[in-house]
Amino acid sequence: MSQTPPVFTTSGFFLRAIAVFAGFPVLFMLIKGVFSGRNAYLEIFSLITVTAWCLVPGQFYWFPRNRFLSLHLRGCMLSKYHIVTGTLLVLLLCSHPFLLVVPKLFEYGISPREAFFTMISTPTAGVLSGIISWLLLATLGITAWFRNVLPLKYKAWRRMHGILAFLVLIFGLHHVFVLGRHITPFITVIFTLFALAAAVMMLRRWFDLIPHAKPVRLLPPPAVRLLPPPENIDRLEKQEHRPEKEEVENEL
Amino acid sequence: MSSEIKSTRRQFLAGAIGMTALGGLSFSGTAHAEAQARENHPHIDPDALLTKEHVTDVLVIGGGMAGFFAAVKASDQGAKVILTAKGRLGASGQTPWARDIFAYYPTPEEMPLKDWIKAINTASHRTSNPKFTRQLANHSLARVNDLKKWGFFDSALYSKCFHHQLKKRKVEICERIMITHLIKERGRVIGAGGFTLDDGTIHFFSAKTVVLATGAGAFKPAGMPVCDLTSDGAMMAWRIGARITGKEWNDTTTGLLNAPAATWQRWRKDLARKPQVCGTDVEVTGELGLNYEVWKEGAILPGLPDADKEHKVKHFPRGPAVHPATGRDPAETKPNQKPKVHHAVLSPPFFAQGPPSGGAGAGLAPHNSEGLAPVDLNGQSTISGLYAAGDALGSCVTGAMELQQGASLSAAAVQGAIAGTAAARVALRRKSRFAIPPDQKITISEEILAPLKRGRGFSPRWVTQTLQGIVIPNFILYIKKERMLEAALAYVEELRDNHQPLLIARNIHELRLAHETGNMILNAEMKLRASILRRESRCTHYRVDYPRINEQDWDCWINIFQTDDGTMGLEIQPFNEGPAT
Amino acid sequence: MAIKKISGCIGCSECVLSCPMDVLRIGDNGKAEICWPEECQICHLCRMYCPVDAITIDPEKSIPVIISWG
Ligand SMILES: Cc1cc2nc3c(=O)[nH]c(=O)nc-3n(C[C@H](O)[C@H](O)[C@H](O)COP(=O)(O)OP(=O)(O)OC[C@H]3O[C@@H](n4cnc5c(N)ncnc54)[C@H](O)[C@@H]3O)c2cc1C
Ligand code: SF4
Ligand code: SF4
């Protein structure tokens with residue numbers, strides 16, 4: 001262990017995070033053999049939906065003011081990730097019930113509309129939790145995009161955002177466990193762990209349990225590192241020692 | 001199912017297939033004994049099953065095109081109608097697969113009606129019944145227009161359209177009920193009995209008239225989606241005294257050798273598109289299919305065409321297919337020009353068309369050539385109050401072969417509508433109703449549940465596969481000779497006498513299989529007996545020992561009936577003595 | 001092996017109703033189950049009626065087939 005601070009190129013960090021959240025279950029999905037006789041559209045559709053869902057727990061880690069991460073990433077970068085992936089997820093997951101019936105357009109069998117109607121009018125637990133999480137997710141997306149117009153203080157909004165996200169996770173998990181095409185016991189465990197960790201993360205933040213100062217560096221430095229130009233070192237150091245006033249205020 | 005039983009069946013199957021290949025030399029004796037030793041432990045208690053009764057004016061049995069139209073038109077006459085089907089309305093039988101429906105347009109561009117009827121009669125070597133052919137031409141456009149109005153042509157799945165129309169007319173729809181018995185009292189049909197596939201409830205239908213639209217039947221062949229049809233209607237009608245015709249004819253469709261049972265892959269081009277209308281186009285497609293070449297050459301030669309491209313023997317002249325009803329341009333509605341199907345990405349993977357295999361429709365006859373022998377153009381059978389329509393009626397619209405694209409679906413619609421109307425009129429005229437006698441109900445319930453109650457016996461799957469091994473080989477089913485037919489008949493009689501009475505079932509699914517197996521055995525016997533009797537070759541019936549057409553002696557249909565002692569009787573009905581108007 | 005797999009089933013019973021061969025049933029968990037694949041005639045009707053494309057079907061039959069020649 002040395003004193004050199006770790007360097008996370010921002011994109012490298014992002015890729016690693018995706019690898020953890022999305023790659024793992026998708027990998028297992030592939031090993032289990034998704035590509036087994038269904039048409040290409042459905043396979044690709046599955047892959048995208050599963051990936052999107054796997055990134056959901058990640059959102060809890062990429063919330064803009066995660067102390068641990070903002071060590072390595074500037075807060076604004078983190079919030080950018082959160083917003084970009086979040087928007088993508090909400091769009092993908094909200095449209096997946098519609099994308100699912102698209103193949104019906106090409107077969108002259110039941111029409112996509114009929115298929116969709118049959119689907120949402122099936123009163124089974126998995127469908128219900130799916131509908132509930134869809135509604136929650138849609139609310140989550142809308143309230144996030146239109147935060148500025150909402151008559152809510154930032155703190156209140158953030159609490160609502162967190163609660164909504166947590167509910168999406170719970171109902172979504174139920175939906176995924178009951179209806180997921182690629183669910184295996186292993187993936188169930190992985191998802192549960194991700195979700196638990198996300199929940200702990202959020203609760204800790206709510207109850208202000210994340211240490212404010214002097215976070216511990218968990219990762220060893222890389223063997224070789226590129227020396228940043230002097231002004232950058234300056235900035236890094238400055239950032240590390242700067243008391244983030246606004247942030248402390250906003251902490252719940 | 002335990003693995004033990006499975007292996008028994010596998011062993012036997014190896015024997016059955018070997019037998020097919022070797023020319024019926026041996027029968028797997030050990031498997032026979034093992035199967036006989038099988039005990040039956042039903043998963044349900046047959047005595048706990050319920051009984052339900054329905055009363056109606058017209059009972060329609062069958063949920064295909066014929067049954068649908070019969071119910072629609074009977075209810076339009078003001079009769080109370082119940083429709084029952086073994087599967088789902090519009091999603092069972094052969095109707096779900098038919099995509100071309102024929103309509104005769106009385107326009108100058110079409111073949112003149114007289115010429116068309118004549119062309120069919122000539123091409124079918126006079127086996128067609130010109131009166132039914134004319135009836136089809138006269139009514140087809142009206143039925144197609146009905147269907148157009150009801151949105152039939154908008155989807156490749158017909159269930160919703162059919163359900164919608166029947167619900168609108170308040171027809172009671174009883175799906176997933178297998179009818180096993182027609183009930184006759186004082187020479188008149190008075191109802192039917194059967195059981196539901198879901199919970200085994202026994203249903204009795206008391207009706208003033210019955211329209212039988214149960215479609216055709218086959219030996220659960222590999223290669224055509226007709227395995228739910230086992231000639232149930234014709235067989236139960238035969239048991240109460242109706243006459244059955246056309247059993248010697250054969251459907252000669254081929255399958256795909258690299259996956260013979262892959263019906264969807266075989267018919268993919270058709271199944272993935274919407275239905276469409278087609279006009280007159282009389283075409284003789286290989287009467288015996290490839291069966292004759294294969295038999296003669298002794299093998300499938302590399303030069304044989306793909307399953308899709310069967311021989312076209314003759315082509316009768318036809319006018320351009322102009323369809324005022326669809327309003328589409330002629331090129332688009334040209335019958336043989338199939339619309340583009342999206343399958344590259346959006347349907348499951350499939351393999352290329354490969355070499356053909358035989359017997360895709362084993363046991364099936366060309367549409368409308370087999371079934372209840374009609375006594376008039378309403379589809380009235382030889383039993384009062386019992387009508388038949390569609391594939392269940394031996395109307396011989398195009399004779400003992402398929403000559404007109406789309407004619408069979410159209411004939412089902414036309415005949416269904418006519419039979420439904422006639423049945424409703426008779427039912428409404430009849431003041432009295434005969435109740436089903438209680439002792440009959442008890443006997444029928446006993447007969448239905450017998451396979452569940454039997455302590456030991458043979459599984460329906462084993463008996464079915466044994467039967468398939470006997471009757472499906474090319475040299476029995478298509479390329480016939482007396483000695484071989486007699487030999488097969490001996491096997492079938494053995495199944496009939498010593499195996500059918502011992503069929504067992506452990507659940508309702510197997511109960512259905514048991515009854516279907518019984519019907520298939522009876523159907524096999526009919527096919528063999530009729531084939532032995534017809535000592536000539538004509539259309540889809542080929543006899544090695546009588547390879548010529550014999551117009552002098554055999555310009556006639558063969559009808560099968562039950563004699564007084566319960567055995568099978570055969571009679572000959574000359575072509576010119578067909579049902580009169 | 002005929003009808004092969006059902007995954008992602010929402011339990012609407014469309015396939016159970018539309019299978020002409022009575023291969024499928026709704027199981028105790030409220031989802032469609034392949035009960036008697038031996039009877040499957042590989043017709044894809046269940047798949048076409050399934051609103052969520054949950055059904056995968058193989059071109060091969062699960063039991064040996066008997067054909068006229070081949
Ligand atoms: C692959 C394929 C493609 C075809 N393509 C065409 C085409 O393009 N054009 C054309 O004209 N024809 C075509 N045909 C033929 C056409 O489908 C039939 O001739 C027509 O549908 C017959 O209709 P039906 O109503 O008489 O009988 P079916 O449609 O066979 O209906 C029989 C009904 O009876 C029910 N039933 C059977 N037994 C019982 C019982 N014991 N109890 C209760 N109900 C029972 C069944 O459940 C079913 O609902 C095709 C057939 C096949 C197999
Ligand atoms: S493919 Fe056809 S026979 Fe097989 S399960 Fe589906 S509907 Fe039933
Ligand atoms: S149709 Fe599809 S979703 Fe509905 S019960 Fe069957 S497999 Fe499940």
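## Chain B as a whole

In chain B, 77% of the contacts with a separation of 6 or more are between residues 24 or more positions apart, a contact meaning heavy atoms within 4.5 Å. This is a predicted model, in which local features need pLDDT of at least 70, side-chain atom pairs count only at pLDDT 80 or more, and totals for chains, interfaces and linings use all residues. Residues are numbered from 1 along each chain as its sequence is written, chains are lettered from A and ligands numbered from 1 in the order in which they are written, and side-chain values use heavy atoms, with hydrogens and water left out.

Chain B has 17 helices and 19 strands; these are DSSP runs numbered from the N terminus, helices being H or I with at least four residues and strands E with at least two. Of its 581 residues, 64% count as buried, where buried means under 20% relative accessible area, exposed over 50% and partly exposed in between, with a 1.4 Å probe and protein chains only. The chain exposes about 20400 Å², of which carbon and sulfur atoms supply 54%. Accessible areas come from the Shrake-Rupley method with a 1.4 Å probe, and for residues only the protein chains shown count as cover.

## Nonpolar cores

A nonpolar core is a set of buried Ala, Val, Leu, Ile, Met, Phe, Trp, Tyr and Cys residues joined through side-chain atoms within 4.5 Å. The largest one holds 59 residues, and B:Trp116, B:Leu182, B:Leu212, B:Leu372 and B:Leu386 touch the most other members. Helix α4 of chain B (residues 113-123) gives the most to this core, six residues. A second, separate core has 43 residues, including A:Ala115, B:Ala156, C:Ile3 and C:Val23.

Beyond four places in sequence, the contacts of B:Leu212 include B:Ile61, B:Leu182, B:Met236, B:Leu372 and B:Leu386.

B:Phe205 is found in strand β7 of chain B, residues 202-212. This residue is buried, with a relative accessible area of 0%. Its contacts beyond four places in sequence include B:His54, B:Leu59, B:Ile82, B:Cys174 and B:Ile436.

## Ligand 1

Around ligand 1 there are 35 residues, and B:Gly63, B:Ser92, B:Thr95, B:Asp100 and B:Leu409 come nearest; a residue belongs here if one of its heavy atoms lies within 4 Å. The shell divides into 16 nonpolar, 14 polar and five charged residues. Here Ala, Val, Leu, Ile, Met, Phe, Trp, Tyr, Cys and Pro count as nonpolar, Asp, Glu, Lys and Arg as charged, and the others, Gly among them, as polar. The largest share, four residues, comes from α11(B).

A polar side-chain atom of B:Ser92 lies 2.7 Å from an oxygen atom of ligand 1. A polar backbone atom of B:Leu409 is 2.7 Å from an oxygen atom of the ligand, and for a polar backbone atom of B:Met65 the distance is 3.1 Å. On its own, ligand 1 has 1000 Å² of accessible area, and the protein covers 96% of that.

## Ligand 2

Ligand 2 is surrounded by 13 residues, the closest being C:Cys19, C:Cys40, C:Gln41, C:Cys43 and C:Cys46. This shell consists of eleven nonpolar residues and two polar ones, with no charged residue.

Key
A polar contact is a pair of N or O atoms within 3.5 Å; within protein, one must be able to donate a hydrogen and the other to accept it, and residues adjacent in sequence count only if both atoms are side-chain atoms.
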